[in-house]
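Here are my notes on the model below. They cover the ligand site first, then the aromatic contacts.

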Amino acid sequence: MNGTRLVDFPSHSKIPERDIGVRPILEVNGLGIDFGGLTAVEDFTLTIGRTEIAGLIGPNGAGKTTIFNLLTKVYQPTRGAILLDGKDTANMTTVQVCHAGIARTFQNIRLFQDMSVMDNVLVGMHQSIKGSLASAMLRLPVYWKEEKRARQEALELLSIFHMQDMAGAQAGSLPYGAQRRLEIVRALATHPKILLLDEPAAGMNPSETGELMENIREINRRFGIAIMLIEHDMSLVMGICEGIAVLNYGRIIAKGTPKEIQRNPEVIEAYLGKGRGD
Amino acid sequence: MRDKYKRIPIPVRYLINALLCAAFLVIVQSFISGGSISRYQSGILVQIGVYIIMAVSLNIATGYLGQLPLGHAGFMSIGGYSCAIFMMRLADKMGVETADLLIPGLIFGGCVTALFGLIIGIPALRLKGDYLAIVTLGFAEIIRVFMLNIDSLLGFKFTGGAGGLTGIPRYSNFLNVFISVILVCFFVHTMMKSRHGRAILAIRDNEIAAEASGVNISYYKTLAFVISAFFAGIGGGLYAGSIGVMDPTKFGFMESIEILVMVVLGGMGSMLGSISAATVITVVNQVLTSLSEYRMVIYALLLIVVMMFRPKGLFGTYDFSLSHVMERLFNRDFPKRKSKGARK
Ligand SMILES: Nc1ncnc2c1ncn2[C@@H]1O[C@H](COP(=O)(O)OP(=O)(O)OP(=O)(O)O)[C@@H](O)[C@H]1O
Ligand SMILES: [Mg+2]
């Protein structure tokens, strides 16, 4: 997968060759946000292919998480446009964007700590479970049917990470790595078209990271969805991302394949040069 | 779920619980009819039932949703007045016994209260922070003053003003109060164990993550608050019929705090906790009426002690399930369900 060829996409980006016939999942144009006087992101323009695994890297404070927050409407952009599967998200809220197909994880884990692992995943499936409040209160057949189906699906999603046996455990009691994986499962449970992962390997040891790479590839293949990830672990980024965008001081300084990025002098200067050690 | 343990099938669980509830009702009722439970004692039972409903309904907003409303007595008051006035006036018009109108009366009282919950919930729940506490506190006070003074404004007898609404037929009894308790607990339970209840719990645990998972925050906050108000209205309606008088001064700040103490003491988010604490506190209140002046001191001390030794309340978020206990008996290595909140 690392040998993916990127081809020029009209105007401003490159996407994997296999995605060229279909509408890109995400087209971001001139995105920017100011916090008071501080411009955190400026002129962010990027296209992500339908089934692409994309990477977003950059030094601390570059604005990577801010971009995720803009895409999911946690922050309203000051400038620019986001097209999700061709639809403009300008007037959408976080919830609407989620229903339209963007799911995410958080840099500092945000699980429903006091709920079970199973319930965390079921909250992700909230929108796809049918049945009114009345049907649940009266325990009508539609409730049982939907609940059974949802639990089955939740177990299948958990099994990607071999977590199906932890379904009854309390989410907050899981080890750190498992919590990160559970966040990914919960995000997948919303049936996204694109999955945004904010430093999924943070705090994981090398063998866990290796497994995670396999898991991300599997998710990408099995569900045919795009994945965009922020990561400081270069082995992971270079190992699984097809297209990479490098951010520095809120601006994109380079886009390209892992090989191109590694060779780019500006990137080496801004980022890799400092972090050669890791 | 694939499972290596022997499970009790769901219809059987429901049947067991239904039979137990029925047995409880029949046995206690036969004691009352037989005279082994005195009128005084059955009066206390009715009060226990009313306060169980009040605590369980407040628990929806505090324990499950994680908000801090301080005006639950205001809802109780609205429910009591609207239910009693509705039943009395309609019974007059239709020429039937007031008690025959209990079901429509309670539903009416619940709906009126829910409407007020909606009106104050929509603006108050949109704001982040503890605005709900302040808004509900003020709201309950407004309701109290309203009930006191509306008659002089209207120019005819409606709520009875400072003298209270008197002459309410005593339509509440052990049987109808405890059937209501069982129904309220059942509906709260079935709501919480569904996608709607999970959405409410998710908001409590992490609002940002709930939103990112597609849960409409303001909708579910308002829903939980309105349902909490609805059941509080039913509790108020049953209260009116148990005392026979609605005295507006009863539903002040202290009453709201008393219900809150029940929820906090029992464990926020534990229905079993709310039920137990409501029972104990009501009994203590009824039996030790002479101590009523020191009640707030006793609550304060109790709360301090509980917070020191069991900061999440007596039961944490643990909820009792008979089926789980039985399953544990059948399966020797059955995983124990931990009380999530309570500290070791
Ligand atoms: N809500 C906010 N208000 C003000 N400034 C903010 C806000 N959110 C982010 N920033 C600023 O925007 C810049 C980018 O932050 P961001 O969290 O996006 O960085 P990052 O690339 O994710 O860094 P890291 O690798 O450390 O996670 C920082 O200077 C940060 O202080
Ligand atoms: Mg970040």
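**Notes on the ligand site and ring pairs**

1. An oxygen atom of ligand 1 lies 2.5 Å from a side-chain N or O atom of Thr66(A). That is a polar contact (a pair of N or O atoms within 3.5 Å). Gln107(A) places a polar side-chain atom 2.8 Å from a ligand 1 oxygen. Ala62(A) uses a backbone N or O atom, at 3.2 Å from an oxygen of ligand 1. The protein buries 64% of the 640 Å² that ligand 1 exposes when taken alone (Shrake-Rupley method, 1.4 Å probe).

2. This is a predicted model, in which local features need pLDDT of at least 70, side-chain atom pairs need pLDDT 80 or more, and totals for chains, interfaces and linings use all residues. Residues are numbered from 1 along each chain, chains are lettered from A and ligands numbered from 1 in the order written, and side-chain values use heavy atoms, without hydrogens or water.

3. The shell around ligand 1 divides into five nonpolar, seven polar and two charged residues. Gly counts as polar here. α1(A) gives the most, three residues.

4. The whole structure holds 16 aromatic pairs over all chains (ring centres within 6.5 Å). Tyr14(B) and Phe186(B) are edge-to-face, because their planes stand at 90° with centres 6.5 Å apart (edge-to-face means over 60 degrees). Tyr14(B) sits in helix α1 and Phe186(B) in helix α6 of chain B, so the pair ties together parts 172 residues apart in sequence.

5. Arg139(A) lies over the face of Tyr143(A), 4.0 Å from the ring centre (CZ of Arg within 6 Å of the centre and within 35 degrees of the ring normal).

Conventions: Polar contact = N/O pair within 3.5 Å; in protein donor to acceptor, adjacent residues only side chain to side chain. Helix = DSSP H or I, 4+ residues; strand = E, 2+ residues; numbered from the N terminus. Phe/Tyr/Trp six-rings, centres within 6.5 Å; stacked < 30°, edge-to-face > 60°.
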